[in-house]
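User: Hi! I am new to this structure and would like to learn how to read its features. Could you walk me through a few of them?

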Amino acid sequence: MGTLVGPVLSAFTTSKDRPLFPSPTASLPSSKNHLTTSRKIHHHEINTSRFGNFLHLKTESKPGCLDSDLPWLNPLDRPCFDVIIIGTGPGGLRLAEQVSQYGIKVCCVDPSPLSFWPNNYGVWVDEFESLGLVECLDKIWPMTCVYIDDHKTKYLDRPYGRVSRKILKTKLLENCVSNSVKFHKAKVWQVKHEEFESTIQCDDGSELKASLIVDASGFSSSFVEYDKPRNYGYQIAHGILAEVDSHPFDLDKMVLMDWRDSHLGNEPYLRVNNSKLATFLYAMPFDSNLIFLEETSLVSRPVLSYSEIKRRMEARLRHLGIRVRRVIEDEKCLIPMGGPLPRIPQNVMAIGGISGVVHPSTGYMVARTMALAPLVAEAIAECLGSTRMIRGRPLYHKVWNGLWPIERRLSREFCCFGMETLLKLDLVGTRNFFEAFFDLDPYYWHGFLSSRLSLHELASFSLSLFGHASNSSRLDIMSKCPVPLVRMLGNLALQVI
């Protein structure tokens with residue numbers, strides 16, 4: 001849900017940008033109207049797939065760049081900055097935008113600062129509304145739905161939106177430029193630290209100095225250090241933005257999860273594996289012929305194979321009668337989830353995927369990063385925006401604890417427990433879990449998915465979830481969760497000490 005987006009690769013999945021930018025406030029047409037006004041398809045121009053077999057089709061979109069003028073750094077000037085941010089993904093640009101508002105000198109370093117983000121990002125509309133970013137959504141679905149199985153469907157009265165990567169990146173870049181942020185096109189090879197200053201060395205031979213280095217370059221970065229083994233769970237998915245002959249989904253509902261497995265009836269090997277480690281379909285219908293489809297493993301350890309994901313998706317589309325005519329974008333998604341936080345504090349600050357902000361139970365990250373960046377910026381400004389210029393260890397302590405105060409660390413431990421629980425559930429157990437989860441008071445399931453619940457509220461959430469669960473689900477949870485529960489309690493105790 002990394003697209004979740006919440007289901008997502010890079011600092012956050014892969015997919016190329018496409019100009020699908022209807023007004024997010026426009027009313028959505030009904031399925032009936034959309035079917036009658038759908039655009040004509042020229043059969044002689046399209047290499048149509050067989051039912052479900054889309055894997056041989058070539059992706060049409062190519063990586064591109066925004067047509068913008070940025071204030072580029074001249075390394076010969078040997079400037080010294082307050083903050084250098086490595087990476088211009090959503091997290092890096094959001095933090096640069098926020099920090100530079102305080103008059104702090106910021107430089108963003110990235111091999112390709114103007115490249116389109118490769119990720120498809122889905123968010124709950126209320127999250128972006130609270131951040132003043134709703135205009136950055138290019139599509140809104142008034143409702144979402146969850147197919148528990150072939151006989152049970154949950155309809156959720158919570159609007160869902162797709163982020164326009166072009167609009168959001170343009171907005172953040174424009175704000176950065178207005179705040180005098182500099183940009184340098186290079187890859188960072190090394191970071192060196194002194195008592196009050198750090199230096200980055202880039203692949204073009206340049207060296208830049210700053211009081212604080214922030215790593216926003218993604219999960220694969222080696223600049224952020226850990227004290228504990230990184231025992232991640234992994235969300236893996238394959239997605240396509242496709243033009244299809246037709247599809248069976250309502251145009252006013254985003255499909256958050258489809259746990260049905262009837263498509264594997266003639267695939268005994270796939271069905272047996274799916275019964276142990278299930279995958280679901282995540283779908284965004286834009287019109288009757290354009291849809292984003294993603295087969296997703298919510299969390300696994302070790303990671304489910306990518307070829308298995310694609311075979312299951314192929315079988316699902318064949319069963320649903322979805323004939324893919326064109327693959328406009330494709331998405332190959334691997335998101336590390338859970339695991340330990342980075343060492344707190346340390347000389348390099350982090351934001352985005354490498355900082356531990358991915359929701360351990362869902363893979364959601366983008367909206368949360370957008371919300372946390374202002375808090376980190378405020379902590380930076382209290383040190384570097386003051387006349388005292390607090391640097392070195394006091395600065396590192398302040399900014400890391402701005403991102404991860406003790407309450408937020410404890411709440412994350414609870415969500416890691418949720419991930420460890422999901423890792424132990426088979427298809428039946430997973431269905432039972434989400435049937436109970438979406439029966440909860442919306443305050444609880446909204447808050448859990450959006451990382452808004454306090455530790456006290458998470459305790460009430462867990463009791464309510466247990467109360468809503470079926471007897472078989474309660475037995476399943478009690479028999480499979482003692483070890484993760486003990487581990488969580490131990491980690492909570494260590495955090496408090």
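Predicted model: local features only at pLDDT ≥ 70, side-chain atom pairs only at ≥ 80, totals over all residues.

User: Which residues are buried in H10?

Analyst: A residue is called buried when its relative accessible area is under 20%. In H10, the buried residues are Leu-427, Gly-429, Thr-430, Arg-431, Asn-432, Phe-433, Phe-434, Ala-436 and Phe-437. Helix H10 spans residues 427–437 and is mostly covered, with 9 of its 11 residues buried.

User: What does a side-chain oxygen of Asp-426 reach at the start of H10?

Analyst: There, that oxygen comes to within 3.3 Å of the backbone nitrogen of Val-428.

User: Now for cysteines: how many disulfides does the count come to?

Analyst: A disulfide is a covalent bond that joins the sulfur atoms of two cysteines. Here the count is 0 disulfides. Take Cys-202: the closest cysteine sulfur, in Cys-107, is 8.3 Å from its own sulfur, which is too far for a bond. The cut-off for a disulfide is within 2.5 Å.

User: Is Cys-202 buried or exposed?

Analyst: Cys-202 is buried, at 7% relative accessibility. Cys-333 is buried too, with a relative accessible area of 3%.

User: Which residue is the bridge partner of Ala-237 in S16?

Analyst: The partner is Cys-333. Strand S12 (residues 233–244) pairs with S16 in the antiparallel sense, over 12 bridges.

Methods:
Residues numbered from 1 in each chain as written. Heavy atoms only, no water. Buried < 20%, exposed > 50% of the residue type's maximum accessible area, 1.4 Å probe, protein only. Helix = DSSP H or I, 4+ residues; strand = E, 2+ residues; numbered from the N terminus. Polar contact = N/O pair within 3.5 Å; in protein donor to acceptor, adjacent residues only side chain to side chain. Pairing = 2+ DSSP bridges.
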